[in-house]
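Subject: Structure handover

Hello,

Here is the structure for your files. Please open it alongside this note.

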Amino acid sequence: MKKFLLLFSVFFCMVAAAESGYDLWLRYPALGNSSVKSSYTKFTSISIDAAAATTTVLEREFLMALKGILSVKPSIYKGFNASAAVFVVPAAVAVQQKWMAASDTNSLGQEGFKMKSITFLGRQRLLITANTDAGLLYGSFQWLRMMASQQPITKLDTVCKPSLQWRMLNHWDNLTRTVERGYAGGSIWNWQTLPDYIDQRYIDYARANASIGINATVLTNVNANATTLTAPYLQKVKALADVFRPYHIKVFLTARFSAPIEIGHLKTADPYDPAVQQWWKDKAKEIYTLIPDFGGFLVKANSEGQPGPQNYGRNHADGANLLANAVKPYGGTIIWRAFVYSNESPDDRFKQPYAEFVPLDGKFTSNVLLQVKNGPIDFQPREPFHPLFGAMPKTPTMMEFQLTQEYLGFSTHLVYLAPMFKEVLNTDTYQPRQGSTVAKVIDGSTFGYSSTGMAGVSNIGSDLNWTGHPFAQANWYALGRLAWNPSLSAESIATEWIKQSFSNDAATVATISKIMLRSHEAVVNYMTPLGLHHIMGYGHHYGPAPWFKEASREDWNCTYFHKADSIGIGFNRTATGTNALVQYAPLVQANWNVLAITNKKWLTWFHHVPWQYKLGDGKTFWDELCLQYQWGVGEVRQMKQQWQTVAKQVDADRFRQVNMLLNIQEKEAIWWKDACLSYFQTFSKKPYPAGVEPPAQSLEYYQQLSFPYAPGNSH
Ligand code: GCW
């Protein structure tokens, strides 16, 4: 028996321990014999001078982290203690100790922190200081992140503070525990057992968010249910808010515009009706009595069948201001979504949000933010930036990215989204002048917005590893990091995440980083190259269906978006087409309104491109389209090969999971290529160029596939 046990343990020492992925990037792996270890072991006594709740969460985190990383139990002192090696103390204390100048405290703001190596009483110490407990929390997590990724923690002198005020997740979670467009199991909120049962997941969720600077969460689906606002549910929401508070996370809810009728039993929800106004005021009072730091409401109105002010002949500003006035006395915020398209309008859907909101600029109450999706249609694999960015000087516009991969292979495809987020953030809106990138619009520096934010539609569910695909965790991580600092590069965020999530081994980091950084371009190519968009399966959005044209609305049909015919393919949005381009600044239009100078990645977003059209390198558009699809498939194959090379560096469980998922991704990439090319070929009537593997099945085969139970399609 002993012998067996010995063999057993020898075996398990040789391979990395199995990991479920539950620990996310907070695994705090042992440092081993890394050369930085000796410098870290000097910092294992910590003085925490913060409010009791903050002290408790920090103490817990430090104990866990240092046990994991250094195998030590740190000494934690509550309050200021001169013998500690690490001081997590308010800026006032740092100033008193002459560790920083009083004039420097302003630069830390309300959530920033300073990390500084200091010599005190003859010994080297580490100072983490801030004006608020939130700053101390963020500074502490930064220190742990540095240790987990083996960065030097001596000779430090940095100030770090967030660029955006609201850094938030939007859950599209229903009270039934289904998640709209959720591919990682059910909702993590167990409404049935709340408020009395606090799942450990709620706490770990808060830890994970706080560690990357996320400070707000919208618990419920934007396709909202008025029941959320009833007294019993508000008790449940309060229980979650109480869990999140020590982690500096504010809770928001979605508000159903017709709630005054549905749960208030009024005859109308008209924003001009005094009884409706009073109902919302009373509701706000009820909520703030329970949750004094409640964030506010996120609202989807008059979009895809949701009720809104237009039902009463009022506009979006009337609707937003109704709610804004109700929460204003308590410091609440209303986030109004710009994702609207009218049921009746025959106009290009691209143009509708701009047409509806630009005339309302300046009409919103000061505590309203307009939440705008990154692109004008709907979270497609690649979209041009939304024309509302830069077009609303008097209304704070905030970013809505989608983490859940509704159009990007669900949680079965490895797609690292930071390169896509960065592509949008770095684009120049040229409004009002050159250099006003989308990042500079949303961070408030272009127009002096009074509030700012970035939201990610959550990809979190009840799966053991939270996000389904182990790599989808990186998208949650990237959202937090970019909302904190939009100028971080996709590459540096990937590196940080890999080091904390998989390994600090340089070759492993390099390989995984390569896989991640090419993954977005790969998915664009095997799904929607050269500017194609919205050609996926109807309703569930799973897989290719460019032929689909049976929807009740024209703009729910794939054929509406690609417009393939015998001449070519693509949506003419120039002046000879719908002229959507006119919604951008002239210098942006200039990039896209002439076919010959449009970068090929945007071609069919803006032009109906002839199949025969010759691209710069002499290839015809048809040949290029085929080759791009093939290239996308090839990329997945390479990702697979590269993943094999890290087999020994990552734990067996996650290695195997990713392998299986990459196999599915390869199959589905081939499916996309084959289905799309066989369909488009019926218009182009041209052969596949050399190097393109011909489709495995007939077009009819792909067309008859049906997926009645594809996930995420619940309402
Ligand atoms: O297009 C869509 C999704 C819907 C979603 C909507 C939105 C919550 O398919 O499921 O509804 O976007 O963003 O409101």
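The notes below cover the ligand site, salt bridges, a helix residue and backbone details.

This is a predicted model, in which local features need pLDDT of at least 70 and side-chain atom pairs count only at pLDDT 80 or more, while totals for chains, interfaces and linings use all residues. Residues are numbered from 1 along each chain as its sequence is written, and side-chain values use heavy atoms, with hydrogens and water left out.

Ligand site

The ligand is surrounded by 15 residues (a residue is near if one of its heavy atoms lies within 4 Å). The closest are E180, K300, K373, D378 and E406. By type, the shell holds 8 charged, 4 nonpolar and 3 polar residues. Here Asp, Glu, Lys and Arg count as charged; Ala, Val, Leu, Ile, Met, Phe, Trp, Tyr, Cys and Pro count as nonpolar; the others, Gly among them, count as polar.

A side-chain N or O atom of E180 sits 2.4 Å from a ligand oxygen. For K373, the distance from a side-chain N or O atom to a ligand oxygen is 2.7 Å. R337 also places a polar side-chain atom 2.7 Å from an oxygen of the ligand. Taken alone, the ligand exposes 330 Å², and the protein buries 97% of that (Shrake-Rupley method, 1.4 Å probe).

Salt bridges

The structure holds 33 salt bridges (a side-chain nitrogen of Lys or Arg within 4 Å of a carboxyl oxygen of Asp or Glu). R337 turns up here again: R337 pairs with E400, with the closest N and O atoms 2.7 Å apart. This pair links distant parts of the chain, with E400 in strand β13 (residues 397-402) and R337 in strand β11 (residues 333-337), 63 residues apart. Strands are DSSP runs of E, at least two residues; helices are runs of H or I, at least four; both are numbered from the N terminus.

E400 is buried at 0% relative accessible area, and R337 is buried at 2%. Buried means under 20% relative accessible area, exposed over 50%, and partly exposed in between (1.4 Å probe, protein chains only).

R382 bridges to E521 at 2.9 Å between the closest N and O atoms. That pair spans 139 residues, from the loop between β12 (368-373) and β13 to helix α16 (residues 506-527). R382 is buried at 5%, whereas E521 is partly exposed at 32%.

E693 and R637 form another bridge, at 2.8 Å between the closest N and O atoms. E693 is partly exposed at 33%, and R637 is partly exposed at 25%. E19, R27, D651 and R654 are linked in a salt-bridge network.

A buried glutamate

E61 is in helix α3 (residues 52-70). E61 counts as buried because its relative accessibility is 3%. Leaving out residues up to four places away in sequence, E61 touches L26, Y28, F141, L144 and R207 (contact means heavy atoms within 4.5 Å).

Backbone details

The peptide bond between L194 and P195 is cis, with omega about 5°. P195 is in the loop between β7 (166-170) and α6 (200-211). Q431 to P432 is also cis, with omega near 0°. P432 is in the loop between α12 (418-425) and α13 (438-442).

Two non-glycine residues have positive phi: K155 at about 55° and H541 at about 65°. K155 is exposed at 79%. H541 is buried at 12%.

Best wishes

Conventions. A polar contact is a pair of N or O atoms within 3.5 Å; within protein, one must be able to donate a hydrogen and the other to accept it, and residues adjacent in sequence count only if both atoms are side-chain atoms.
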